Amino acid sequence: MSEFDTLLVTGGAGFIGSNFVHVVAERTPARRVVVLDKLTYAGNAENLAGLDVELVRGDIADPEDVGRAFQATGTGGGGGAENIAVIHFAAETHVDRSIESALPFLHTNVVGTQVLLDAARERGVRRFVHISTDEVYGPIPDGVFTPEDDLLNPTNPYSASKAASEHLVHAATITHGIDAVITRCSNNYGPYQFPEKLIPLMIANASEDKPLPVYGDGLCERDWTHVRDHCDAVLAVLERGRAGATYNIPGNTHKTNLEVLHFLLDVLGKPRSLIHHVKDRPGHDRRYAPDGARIQSELGWTPSRTFDDAMEETVRWYQDNTDWLERVRSGEYRNYYERHYGERLKT
Ligand code: NAD
Ligand code: DAU
């Protein structure tokens, strides 16, 4: 048995988690993978089709469900997990939904993280990789890049819940000696992203000649990372990251939302008149900009994809997978879309 030969991946049926399982299957096929996922509106078992993984449907905030997931890795209670790493992606992730209703974010992101930490400690897991976000730094002034030791200043319920979960992970490393590493990536794009997020939402709407609802002046800036670059960075952190450390994962591609929309419209051959400025998101952070010096110097990792090529490839993926898009947009999402954009798009 080698280190980390079994991975317990929480949230593995979501966007980044499922891409991570695909990357693991390609790079290290001998690894055993168990996914623990509640299959919320954002989770989709179909994202893992064709992969040799065991999917345990359950809630990370429920100790019994977490126990079932550990059993599926071959470990019961009281030890036996020394070759196992937990890669913790599961979360409520959409900022707009957290503004509408914060409690599910506390349940999953805060309580769920503590339940997992307790279970990992009880079983002696070898390493716990906690997937966090650059949103925990809050808005960053122009020209500034945030290193990992900056103060956390979350400004919306989602980012506050992610910052809280980071504190619990840090506390577990200090108090209980858990081997944990935290990652903070910037905005991801790529296949299997739920279409409430900017990129797939705008590709889907533009493809159907529907309006593109850009919040406020559209000049908020994000750093864009292709999801596969994020997954490569998480593998590097799993295998070579320093216990107790935090690593930013930047895409090193800074763009305003309008610049992103112009790019997508050009690739799709659609007019800019589809862009509609709508009421801004409350507490909308103007700019995020994580500094990548630590992960580059310690682990030799930098993103390998260029925005133009990887975004064009992403557009093609959504064009080639309209059935997938239709299926995930059915049901609850239609109500959400109407509730969230109905009024906004009338003004
Ligand atoms: P997602 O919303 O696409 O997927 C989340 C997954 O977690 C879903 O499969 C869902 O079913 C599952 N889940 C939710 N609540 C659960 C619970 N209580 N128990 C078990 N499973 C549950 O999210 P994503 O965009 O893939 O994000 C994954 C992680 O990466 C999150 O922790 C997020 O904070 C972080 N992150 C995301 C981005 C981004 O741009 N999307 C950037 C940086 C960090
Ligand atoms: O920075 C990392 C974070 O990126 C992750 O931690 C979050 O889980 C992920 O959802 C993402 O958060 P954002 O709020 O940045 O992503 P979103 O796709 O919701 O929005 C990106 C930008 O686009 C943001 O400035 C808001 C704007 N936007 C978004 C939507 C959905 C619009 O202008 N219109 C929209 O309809």
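Residues are numbered from 1 along each chain as its sequence is written, and chains are lettered from A and ligands numbered from 1 in the order in which they are written. Because the model is predicted, local features need pLDDT of at least 70 and side-chain atom pairs count only at pLDDT 80 or more, while totals for chains, interfaces and linings use all residues; side-chain values use heavy atoms, with hydrogens and water left out.

The protein contains 12 helices and 12 strands. Both kinds of element are DSSP runs numbered from the N terminus: helices are H or I runs of at least four residues, and strands are E runs of at least two. Along the principal axes, the C-alpha atoms fill a box of roughly 60 × 40 × 35 Å. For 347 residues, a compact globule would have a radius of gyration near 20 Å, and the value of 19 Å for the protein agrees with this. That radius is taken over C-alpha atoms, and the globule rule is 2.2 Å times the number of residues to the power 0.38.

Of the 347 residues, 59% are buried. Buried means under 20% relative accessible area, exposed means over 50%, and partly exposed lies in between, using a 1.4 Å probe and protein chains only. The accessible surface of the protein is about 13,900 Å², and carbon and sulfur atoms hold 50% of it. Such areas come from the Shrake-Rupley method with a 1.4 Å probe; for residues, only the protein chains shown count as cover. Among contacts with a separation of 6 or more, 82% join residues 24 or more positions apart, where contact means heavy atoms within 4.5 Å.

Ligand 1 has 28 residues around it, and I16, D37, T93, Y158 and K162 come nearest. A residue is near a molecule or strand if one of its heavy atoms lies within 4 Å of it. The shell divides into 12 nonpolar, 12 polar and four charged residues. Here Ala, Val, Leu, Ile, Met, Phe, Trp, Tyr, Cys and Pro count as nonpolar, Asp, Glu, Lys and Arg as charged, and the others, Gly among them, as polar. At least two shell residues come from each of α1 (15–27), β5 (127–133), α5 (157–176) and β7 (187–189); β5 gives the most, with three. An N or O atom in the side chain of T93 is 2.7 Å from an oxygen atom of ligand 1. Taken alone, ligand 1 exposes 840 Å², of which the protein buries 97%.

Ligand 2 is surrounded by 24 residues, the closest being D134, Y158, R281, H284 and Y341. The shell around ligand 2 consists of 11 nonpolar, seven polar and six charged residues. Both α6 (198–207) and β8 (212–215) supply at least two of its residues. A polar side-chain atom of D134 lies 2.5 Å from an oxygen atom of ligand 2, and one of N187 lies 2.7 Å from an oxygen atom of ligand 2. The protein covers 95% of the 690 Å² of accessible area that ligand 2 has on its own.

Last comes a single residue. T6 is found in strand β1 (residues 6–10). T6 counts as buried because its relative accessibility is 7%. Apart from neighbours within four places in sequence, T6 is in contact with R32, T73, N83, I84 and A85.

Conventions:
A polar contact is a pair of N or O atoms within 3.5 Å; within protein, one must be able to donate a hydrogen and the other to accept it, and residues adjacent in sequence count only if both atoms are side-chain atoms.
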